[in-house]
Amino acid sequence: MDSLFDHSTAQKLHGIIPETELNSWESEELLDCLAELSPGQQDLLLQQISVIWPVSHSLCLAFLEAIRPALACLDAEQFAAWVRGILDRYEAQGLQEARRFMVDLDNHFVCTLKGQSGLMLSDIKTRLHLYLRGVAGRPFDLESGDLPGTDTATIFLPRNSTLFSNDATNFLAYKLLASLQWALVRVNLYCHEITDEDALFARLGYPAPDKPASGIFLTRFFQTFARPKLAMAIYHFLQTFRALSFLQKRLPGLMADSRAYFQKIRPQLLADMEDKKLLVKEYTFVLDQLCDNQPLELPAGAFRKNCNPASWWQDISQILVDAAHIHDQWKDGSAEDIATPPLFQGSFLIEEAHARRLARRKKAEQQFIEALSIRIMPSVAKNQDHAQESLGSEQPQQPDSGANISLRLASQQDGQEEKEPVHDRVIRHIRLDDQKIDLDSRLQELGREIMDDLGNLPQLYLDSAAEMAAGRSYEPNFNTPEQEGAALKGASLYDEWDFRRQGFRHNWCHLLEKEIQPSGGTFIATALSEHRGVIKQLKRQFEQMRSHHRFVGRQRDGDDIDLDALIEAVADHKAGLPPSERLFVRQLRDQRDIAALFLVDMSSSTEGWVGKAIKESLLVMAEAMESLGDRYAIYGFSGMRRTRSEVFRVKEMEEPYNDTVQGRIAALSPKDYTRMGPPIRHFTKLLSQVEARVRLLIILTDGKPEDYDDYKGEYAIEDTRHALIEAKNAGIHPFCITIDHQAQDYISHLFGEVNYLFIDDVKGLPRRMPDMYRVLTS
Amino acid sequence: MISGQRIEEHIISREPYYRQQGQELTIALAAYQHQIPLLLKGPTGSGKSRFMQYLAWKLRRPLITVSCHDDLSTSDLVGRYLIRGGETVWLDGPLTLAVRHGGICYLDEIVEARKDTTVVIHPLADDRRELPIEKKGEILSAPPEFMLALSYNPGYQSVVKDLKPSTRQRFVALELSYPSPEIEAEIVQHEAAITREEAERLVRLAEMTRGLEDAGLQEGASTRLLIHAGILMGSGIEPRQACKVTISETLSDDHELVAAIDEMISSLY
Ligand SMILES: Nc1ncnc2c1ncn2[C@@H]1O[C@H](COP(=O)(O)OP(=O)(O)O)[C@@H](O)[C@H]1O
Ligand SMILES: [Mg+2]
C-alpha cells in the first residue's frame, strides 16, 4: 500500500474525527476500507462522515461499522440515499432506530430498492396527509407504528404495506387504514364526552369505582367489569363497527374499493382466529359484509339483542351500556379466549389519547377563546358604544363587563332541523345578542377540534371570549424604560412600537449587519440533486414569466402603423375633432422591474427540519430566480435583546448568485431569538432605496416573534405588526410565510394587514415558496 | 367589426335562478336606492355574475357586463368614432351605454384591467356620478337608475394587481364566498339538474378540496365546478371521471395535490 496516500487520507479522516475518538483497530479498518475506493469515492465518503460526525458521535461510530457491508452492495447513488435514510431515521426516531436501519441493510434498504418491501409509508405520506386533511377537515399527523392506531392527533400506520403486489392497491390499504382511524376519532372511540359518570354507573347498576383508581375515565370504566379485557374487546368491536358504518355512508367509494382489501385479509384473519371463541363469529360476520360491501348490520345474538345503534350518535354512554350488557351475558362462560382483532381495527391507545387530550384541550381552549374574542371585538365595541350612548353621560362607564353580552351558538336558534349527527356539525356562526357572526375557517376548525374532544362546545368558552372581547385589558409588564439611544459602534438604531402607549420607543433597538462565512460540505450538492425535479420545473415556469417583448399600440412613433388608432383618428378628423397623433405600434420590453428581499428566521427554534427546509427553499428559490431575472437579496436574522439584533448577509440585491452565495446559504444556522421588528424596519429602509416598480419583502419564520427580554406575547406581536404596516406604508409589499405545526391564533392578527401564507408541512416549503412568488408577481 | 350594442338586448326578461346566501339582496337594493356603487368580492364561481343578473332583473334595469382584461382601453369602455359610408358615427361603449340609459354596468374582474383604463370610473363612483367623454367634449350625468358594480377575487394575492384603497372606499362591498353546504347543494341540484343526494356528495367533495387551501391549493372547488361535474354525470359520464376532469385536473397542476384530490374523489364515488 502506498504510504503517502495512506498518510494523507488518514490526515483527512482525523481532521474530521479526532484521533483520540477512534482506537487504532477502528482507524485501520476504516483506512483499509477507504483504500479500496477510488479517490472520488473516498472524498465522498469522507464528506459523509463529516456530515454525520457533528450530528452525533455515536451515530457516526455506528455508521463506520456499517460502511463495509453497505459499500459491498450499494452503488454510489444508492449509498448517498442510504446515508440520507440514516439521517432521516435519526432525526425522526432516534439513534436506536437509525442503528437498526443501518444494520438491517437488507430488510430496510436493499429490499426497498428492489421493491420487496411493498409500498413505504414514507413514500406516500404527503399524498395521504393531504387526502386525510381534506377528508377530515383538520390536519392529522401521520407516523409509523407497529399497528394502526390514533391518539386523536396523530394517526399511526405501519411502516410499509406488502399486502398486495402493486402500489395502487397497497395505497388503497393505507387510505382505508388512515380513514378508519379518523372515523374512530369521529365516533369518539376514547369517550371524551362522558360528563356524568355517576349517572352512567347508576344506569348500569354497577357501583361507581373509587375515583383514585385511575385518572382516565375509560380505564376506570373497564376496571369495574368482571372481565375488563372482554369488556374492552366488545367495546372496541362496537366502535369499529360504528366507524365502518360511518365510512360506508361518508366515503362510499372508499368502502367499495376496499372490498379487495377485506377479501385479501379474510383467509389469514379466519386462520388467526381459529382457536379462539369469543367475538370470532362477530368479526367473521362483519368481515363478510365488508367483503361484499353490504351496509353493515350487527351480528345476530347478543349484539343484536343488546345494542341500540340508533341512539349511539346522540348519547355516547349508550354504547358503553350496550357493551356492558353483552359483557354481562358472556362473562360467565368458560374463560374462552377472545379473538385477535383484525389489523385494521388497530390498537386501543387509551393512555396516549388521554395525554393528548389534556395537552390539546388547554391549547385549543385558549386559542379558540382568544381567536373568537378577536373576531367579535368590533361588534362588541359597537354594542358598547351604543349602550353608552343610550345610557347618557351621567352613568358611570363599565368597560369591563362582558356579562351583558350574550354569545350563543347560532344553530339551535336558527330553528334548523338537525339532520346530521352531532359530530358532523360544524359551527359556522355564532350569535352575539341578535347579530349573527360568521366564523372563519380557522375558528371553525378549532371549534371542530373542541367538539371532537369534548363532544360539545362549552358555553363557558363563549362566555370567556365575550368577556375578553369586552374588556381586553392590557397590563403593562415593562419596568421603567431603560435609557434610550446610545448606539453601538456600526449599529443602526430603530424605533420600537409600544402598543400600550400607542407610541414609539425611539432608537430602542440596535441592529448590526454581519457577514456569513460560506461553508463547504455536501449540503448544496445533496439538496440540488434531491430537488432537481422541482428546480427544473420551476425554471421552466419562471422562464415564461420573464420580461418579454410585446407590442403596444397608440404610440407617437414605432415600428408599425396602429390600424385601429388610425381609423379612429380618421373618424375623429371627419367628425371635426383634432385627430390623435398616437398612431403607431411599438415593441416594448415588458419590464417586470421587481425587486425582492428574502428575510429568513435564524432563531434557535429553526434547528432541525425547519432550518433545513428553509435552506433548501432558499436554494430552490435562488435557482428559479436565476431564470427569471428579478433582482433579489437574501438575509437572515436573529439576535438577543434590543441591543443586539443581527442580520446576516447571504446575497445583496445586485450580487450575482454563485458558489459563494450557495456556500452562505449552506452556512445558515440557528442562532438566538426572533425580534422581528428591527430587521423588518431595517429592510424597509433598504428596500425603499431600491428603484423598482414592485418591491417585495418576503419573510420566512417559524413562529411567534419573541426575544429573551420582555419582547414577547402581545407586545412582540403588536410591534411586528406595526413594523409590517410601516413597510406597507413605505410602498413595500411585505409577505410573510409562517412555518408552524399548527396555525396559531395570533397569525391572522399579526399578518392580517399584509399578505401571508401558513405552511404546516415543512417538506413542502421548497415547492411552495416559489409557487407563492409566482402568484404574487404575475 | 364593432356593431352598436342596443340597450334592449341587455334587458333580462326572465327571472334568473338565484339562491340568496344572506342579506346580499337587501344590501344591494339599499345601495342602489342611495346610488352607492357595489363591489362584489369572492372566489371565482361563487355566484357574483349570477347575482348581478338577478339584481338587474329585480330592478328591471338592463345589465351590461364587461369582462376586464389587460388590453381593455378607455375607448373600449367609453366609446369611439367609426367611419360608416364616409360619415363618422359615434358609438357608445358599454359604460356610456349604461350611463345613458340608466342601466347597470358590471365590470367583472376589475383588477385584470390596467389602472390607466379604470380611472374613468372614478368620477362615476363618487358623488359626482358623471362620465366625461373627452372625444365628444361631453360630460354625461348618470341618472338615478344607473348603477356601477365591480367584482374581484381577493384570493389571488397578486400585489401587482391589487385594488387601490382610494377606489375601494367609494363602494359598498359585498362578500360572496362559498355558500353554506345546504344552500350550495340546493344550487348544484338546481343548476345541474341532479338529485339532492348527488348534489350533497359533490358539495362534500368541494369542502374536502377547500380544506387543502392551507396546504398549498390556491383555491378549492367552486360552485361552478360542482355544477360542471354534476352536468357531466347527468349526461352519463362515470362520476369519478366526471369529477376528475372538472375538479382535480382544473384545480392544480401539482402532482401530489391532484393525486390527493383524486383520492378524495374515489373515496366518495
Ligand atoms: N347563489 C347562487 N344562486 C344560483 N346559482 C348560483 C349561485 N352561486 C353560484 N351559482 C351557480 O354557479 C355558477 C357560477 O357562478 P358565477 O355567478 O358565474 O360566478 P362568479 O361570477 O362569481 O365567478 C352560476 O352559473 C350558477 O349556476
Ligand atoms: Mg363571473
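A salt bridge is a side-chain nitrogen of Lys or Arg within 4 Å of a carboxyl oxygen of Asp or Glu. This is a predicted model: local features need pLDDT of at least 70, side-chain atom pairs count only at pLDDT 80 or more, and totals for chains, interfaces and linings use all residues. Residues are numbered from 1 along each chain as its sequence is written, chains are lettered from A and ligands numbered from 1 in the order in which they are written, and side-chain values use heavy atoms, with hydrogens and water left out.

**View 1. A salt bridge joins Arg127(A) and Glu256(B).** The two side chains meet at 3.6 Å, N to O. Between chain B and chain A the count is six salt bridges.

**View 2. Chain B meets chain A.** Contact (heavy atoms within 4.5 Å) links 40 residues of chain B with 43 residues of chain A. The two chains bury about 3600 Å² between them. Carbon and sulfur atoms hold 54% of that area. Buried area is the accessible area (1.4 Å probe) that two parts lose on being put together, summed over both.

**View 3. The side of chain B that touches chain A.** Nine residue pairs, both at pLDDT 80 or more, are in polar contact between the chains. A polar contact is a pair of N or O atoms within 3.5 Å; within protein, one must be able to donate a hydrogen and the other to accept it, and residues adjacent in sequence count only if both atoms are side-chain atoms. Strand S3 (79-84), helix H9 (196-210) and helix H12 (255-268) of chain B each give two or more residues to this side. Helices (H or I, at least four residues) and strands (E, at least two) are DSSP runs, numbered from the N terminus. H12(B) gives the largest share, 10 residues.

**View 4. Ligand 1 and its shell in chain B.** Of the 16 residues around ligand 1 (a heavy atom within 4 Å), Arg19(B), Gly45(B), Ser49(B), Glu191(B) and Arg224(B) come nearest. Helices H2 (48-59), H8 (181-192) and H10 (223-234) of chain B each supply at least two shell residues.

**View 5. Backbone atoms beside ligand 1.** A polar backbone atom of Arg50(B) is 2.8 Å from an oxygen atom of the ligand. For Ser46(B), a backbone N or O atom lies 3.2 Å from a ligand oxygen. Gly47(B) also places a backbone N or O atom 3.2 Å from an oxygen atom of ligand 1.
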